[in-house]
Structure formats: structure tokens, C-alpha cells
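The entries below keep the order in which I looked things up.

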Amino acid sequence: MNESGEISLIVGLGNPGNKYTDTRHNAGWWFLERLVSEYHFDLKPEMRFQGLFSEFRIDQRVIRVLAPTTFMNHSGRSVAPCASYFRIESKQILVVHDEIDLEPGVCRLKFGGGHGGHNGLRDIGKSLDTADFVRLRIGVGHPQYASLVTSHVLSRPDTHDLASINRSMEQAIQVMNLVISGQLERAMHQLHTVDPSLSASG
């Protein structure tokens with residue numbers, strides 16, 4: 001595994017518009033809502049980056065936060081200009097997205113790799129000309145059949161799954177300091193050894 005660096009840009013993926021707000025594909029935006037609450041900043045429209053944008057400080061470092069509003073399939077049109085403007089290397093970018101290959105209640109960190117059919121990751125990798133960025137994968141479950149994937153991610157999770165997803169995102173928030181400071185392996189160990197049953201209980 002190539003080494004990631006300190007994180008300078010956090011990107012949460014989703015689709016704009018009220019009809020998408022509560023759908024699984026917007027899990028990256030849901031995570032940013034928790035980040036906003038944790039670090040006390042406000043996302044505001046930024047035309048230069050075709051998204052909602054803000055900054056916050058942690059340990060004297062400025063962290064940029066971006067929610068592309070280009071629709072998922074064109075996320076790279078938002079991410080690449082932002083990274084270029086602030087001279088942020090790909091390995092300093094954390095992309096938060098929904099992951100159908102993980103069950104609700106499970107979040108996983110990963111550096112690099114393929115897009116796994118996720119169009120947001122695909123477009124970002126194409127726009128950056130590299131897949132070497134950090135991902136936070138938020139499990140939203142798989143519909144069993146490939147033909148149902150699109151309708152699955154564009155639909156709302158039931159109450160039980162949503163509660164599990166919310167708990168897993170809270171667990172991920174707890175390791176953000178480690179991720180941001182470049183301690184990815186330590187963050188992975190802490191997050192990945194959480195008992196999944198803790199996300200499904202209650």
C-alpha cells in the first residue's frame with residue numbers, strides 16, 4: 001500500500017436536490033453533516049469548485065471540505081479544480097462515499113484501489129489522473145442482484161439500516177483526527193476492529 005499523507009481536503013459524495021437527500025447514495029453528504037457538527041463550520045456554495053465548500057482548523061492546519069453539487073457521475077469536475085487551486089496532492093484527499101459491498105453499520109478506510117463500479121470514484125480518479133487518494137467507505141448494503149444496484153442506492157434505507165449507518169459514521173468521526181494527521185493505519189485499526197454488532201444494537 002502506498003503511503004497517504006496528512007489530509008488537506010475532505011470530499012463527501014452525493015447528489016443535489018431534495019429527492020436525493022435521504023438516499024443511500026448521499027451517505028458522503030450525511031457524513032459531512034456530522035463533520036460540520038463536530039468541527040463547527042458551515043458549508044457554503046463555491047462556484048469555482050461547483051460545490052459546497054468550507055474550511056476548518058485542527059492542530060494549526062487548515063482542512064478544506066467539499067461537497068460536489070455536480071451530480072455523482074461528474075464529481076471530478078468539482079474535486080480536481082479544488083485540489084489544483086490549493087495545490088493539494090491526491091494522497092492528501094479523503095473521499096467519503098457509500099459502499100454497497102459493506103453492510104449497513106460498517107465503515108472502512110482504504111488508500112487507493114479501484115472504483116468498484118462507483119461512478120463518483122470513477123470520475124474523480126479520471127479527473128485527478130490517479131486513484132491514489134484515501135477513501136472512507138460507508139456501508140449501505142447490497143440489493144443482492146446487480147440489476148437492482150441503481151434503484152437501491154437511489155432509495156432510502158429503512159429505519160434499522162439508517163440507525164446502523166448513523167452509528168457507523170459516528171464511529172468514523174472518532175478516528176478523523178488520526179486520518180487527518182496522516183495516521184491512516186492506526187485509524188484503520190481502530191475503526192476496523194469495532195464490533196459491528198455495536199452498530200446494529202439499540
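What follows are my notes on a helix pair and on some strands.

Entry 1, the ground rules. I am reading a predicted model, in which local features need pLDDT of at least 70, side-chain atom pairs count only at pLDDT 80 or more, and totals for chains, interfaces and linings use all residues. Residues are numbered from 1 along each chain as its sequence is written, and side-chain values use heavy atoms, with hydrogens and water left out.

I took helices (H or I, at least four residues) and strands (E, at least two) as DSSP runs, numbered from the N terminus. I looked up helix α2 (residues 76-85) and helix α3 (residues 119-128), which pack at an angle of about 40 degrees with their axes 8 Å apart. The axes are lines fitted to C-alpha atoms, for helices over the stretch in contact, and angles run from 0 to 180 degrees between N-to-C directions. The two helices are therefore oblique to each other, a word for what is left once angles under 35 degrees count as roughly parallel, over 145 as roughly antiparallel and 65 to 115 as roughly perpendicular.

With buried meaning under 20% relative accessible area, exposed over 50% and partly exposed in between (1.4 Å probe, protein chains only), I listed the buried residues of α3 as Gly 120, Leu 121, Asp 123, Ile 124, Gly 125 and Leu 128. These buried residues pack against α2, β5 (93-99) and β7. Just after α3, Asp 129 takes a positive phi of about 65 degrees.

Two strands pair if DSSP finds at least two bridges between them; β4 is joined to β1 (residues 9-12) by 3 bridges in the parallel sense, with Leu 66 as the bridge partner of Val 11. With β3 (residues 51-58), β4 pairs antiparallel over 8 bridges, and Ile 58 stands opposite Arg 61. The hairpin of β3 and β4 has 2 residues between the strands, and there Asp 59 takes a positive phi near 50 degrees.

Antiparallel strands β6 (residues 107-111) and β7 (residues 134-139) are joined by 5 bridges, and Leu 109 stands opposite Leu 136 in β7.

Definitions and conventions:
Contact = heavy atoms within 4.5 Å.
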